[in-house]
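This briefing covers a single chain and one position within it. The points are grouped by topic.

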Amino acid sequence: IKIFFKMNLKNIAKGTRESFKVDEGLILLKHTNETEHEENFNYNIGKDYIQFHFCLKGFSNFLFNEGSYVFNVENENSILLYNPHKELPINLVLNSESQVLSILISIKKFHSLFSSEADQISFLNNENAGNKLYKEKKIGPMIAIVLNQMYQQSMDLTMYTLYLRGKVFELMSLYFSKDKEMDIEPVSYTHLRAHETEADLVCRL
């Protein structure tokens, strides 16, 4: 069994970023700002990676093209970003008392997980191959539970990495699920309940 260990824990003032290599082509980042001021987090990632950013608490801004484009992600919301033509290094400005969990997955890894479901996932279709993607999504109740478990769980590092691997796969299956009954009741993330809406837009990065 191949075991992957935590990559690093970076302190930026009192803001922290934990990074984990969960699997080959699969990285998880946990950003936390417990200060009274905004904190900035940067992370370089290749253009062959799909980015999923989930705001669990507070408010966040993602800056691209030296601040020319800013994506606001507030509590109980998420964004998906993918641009196969240009690298999108993460430049995150996190408000006070805020938390963001990010999943970075290579397109190769993503195809290996969802190749049989390509018809259900729009940007895996042949018609959309090579297209940019920006997708906003409300955090639904089932996804909220998984995110909370990933963020709060505490265990031995080796076991935690294995735990995260299973949770990331569970999260991806829920994120792209077409079963609307799972996210039908509008409620708050604080109580692990939220309603789901989604919109697919072309990213102009």
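**Ser173 and its surroundings**

A polar atom of the Ser173 side chain lies 2.7 Å from the backbone oxygen of Glu170. The model is predicted. Ser173 belongs to helix H3, which covers residues 157-175.

**Position of Ser173**

- Ile143 is 30 residues from Ser173 in sequence, and the C-alpha atoms of Ile143 and Ser173 are 9.6 Å apart in space.

**Packing of H1 and H3**

- Helix H1 spans residues 107-114, and its axis comes within 12 Å of the axis of H3.
- The two axes cross at roughly 70°, so H1 and H3 are roughly perpendicular to each other, the range for that label being 65 to 115 degrees.
- H1 contributes Lys109, Phe110, Leu113 and Phe114 to the contact, while H3 contributes Phe169, Met172 and Ser173.
- By class, the residues of this H1 contact with H3 are five nonpolar, one polar and one charged.

**The chain as a whole**

- The chain contains three helices and twelve strands.
- It has 205 residues, of which 48% count as buried.
- Among contacts in the chain with a separation of 6 or more, 71% are between residues 24 or more positions apart.

Terms used. Residues are numbered from 1 along each chain as its sequence is written. This is a predicted model: local features need pLDDT of at least 70, side-chain atom pairs count only at pLDDT 80 or more; totals for chains, interfaces and linings use all residues. Side-chain values use heavy atoms; hydrogens and water are left out. Helices (H or I, at least four residues) and strands (E, at least two) are DSSP runs, numbered from the N terminus. A polar contact is a pair of N or O atoms within 3.5 Å; within protein, one must be able to donate a hydrogen and the other to accept it, and residues adjacent in sequence count only if both atoms are side-chain atoms. Buried means under 20% relative accessible area, exposed over 50%, partly exposed in between (1.4 Å probe, protein chains only). Contact means heavy atoms within 4.5 Å. Axes are lines fitted to C-alpha atoms, for helices over the stretch in contact, and angles run from 0 to 180 degrees between N-to-C directions. Angles under 35 degrees count as roughly parallel, over 145 as roughly antiparallel, 65 to 115 as roughly perpendicular and the rest as oblique. Ala, Val, Leu, Ile, Met, Phe, Trp, Tyr, Cys and Pro count as nonpolar, Asp, Glu, Lys and Arg as charged, and the others, Gly among them, as polar.
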